[in-house]
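Let's take a look at some ring contacts and a helix pair. Here is the model.

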Amino acid sequence: MINIALPKGRLGEKVYKMFEDAGYGCPDIFTGRRLVFENKDAGVRYFWVKPSDVPIYVERGAADLGVAGRDILLEYEPNVYELKDLGTGICRMAVAAPKGFRDDSEYLLRVATKFVNIAQNFYSQAGRDIDIIKLNGSIEIAPLLGLSDVIVDLVETGTTLRENGLEVIEEIMEVSARLIANKSGYNFKSREINELLGRL
Ligand code: PRP
């Protein structure tokens with residue numbers, strides 16, 4: 001059995017379809033609230049987990065494979081193999097601010113984000129001191145309420161920014177979904193995993 005941690009949500013569903021098209025489907029995977037599904041004949045077992053937890057399951061070997069965005073891999077730096085860019089879940093990590101915002105380097109910049117390490121690295125390379133405010137979601141609201149000056153967040157269609165009066169002021173990087181593997185799991189199940197990779 002290959003154990004695969006999928007991120008719950010739109011991205012996970014899209015990626016699951018890729019596995020299904022490759023011959024690794026699992027009947028009933030979208031029904032009910034169960035979190036584990038398996039197809040013994042195809043030799044796969046899927047777990048739906050919170051996206052930021054995928055690297056933890058894979059690094060610790062609870063899953064052999066997992067699907068995680070490049071954002072999550074750079075943020076948590078798990079000790080795993082990155083096997084493949086799945087070419088989906090494409091978006092950008094960017095700095096955004098209220099329209100008309102002008103940075104004044106005399107002041108400490110207040111940055112709200114879920115991605116503390118990515119934001120710290122980005123600003124330390126630019127030599128800018130910042131005050132990081134770690135949030136867990138709905139980041140776009142922080143500058144609206146005066147909690148932060150800017151945000152560092154994912155932008156896909158740009159709708160959330162637009163509808164909240166924000167705009168991108170700097171791009172940090174491109175993001176896409178990656179297939180990752182537990183290091184010993186990959187060595188132990190290399191034949192099965194490489195066959196799956198080939199079919200994907
Ligand atoms: C993500 C991201 C943005 C939004 C961007 O949030 O954090 O808020 O999607 O997408 P858009 O450019 O297409 O509008 P998510 O839906 O994951 O929820 P969150 O607020 O809990 O982070």
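F30 counts as partly exposed at 42% relative accessibility, where buried means under 20% relative accessible area, exposed over 50% and partly exposed in between (1.4 Å probe, protein chains only). Y16, by contrast, is buried at 1%. This is a predicted model, with local features needing pLDDT of at least 70, side-chain atom pairs counting only at pLDDT 80 or more, and totals for chains, interfaces and linings using all residues. Residues are numbered from 1 along each chain as its sequence is written, and side-chain values use heavy atoms, leaving out hydrogens and water.

Y16 and F30 make an edge-to-face aromatic pair, 5.4 Å centre to centre with 90 degrees between the planes. Rings of Phe, Tyr and Trp (its six-membered ring) pair if their centres lie within 6.5 Å; planes under 30 degrees apart are stacked, over 60 edge-to-face and the rest tilted. Y16 sits in helix α1 and F30 in the loop between α1 and β2 (36-39), so the pair ties together parts 14 residues apart in sequence. Helices (H or I, at least four residues) and strands (E, at least two) are DSSP runs, numbered from the N terminus.

## Other rings

Y16 and F30 also belong to one aromatic cluster with F19, Y46 and W48. The whole structure has 6 aromatic pairs. Another edge-to-face pair is F122 with Y123, at 5.1 Å and 80 degrees. F122 is buried at 18%, and Y123 is buried at 5%.
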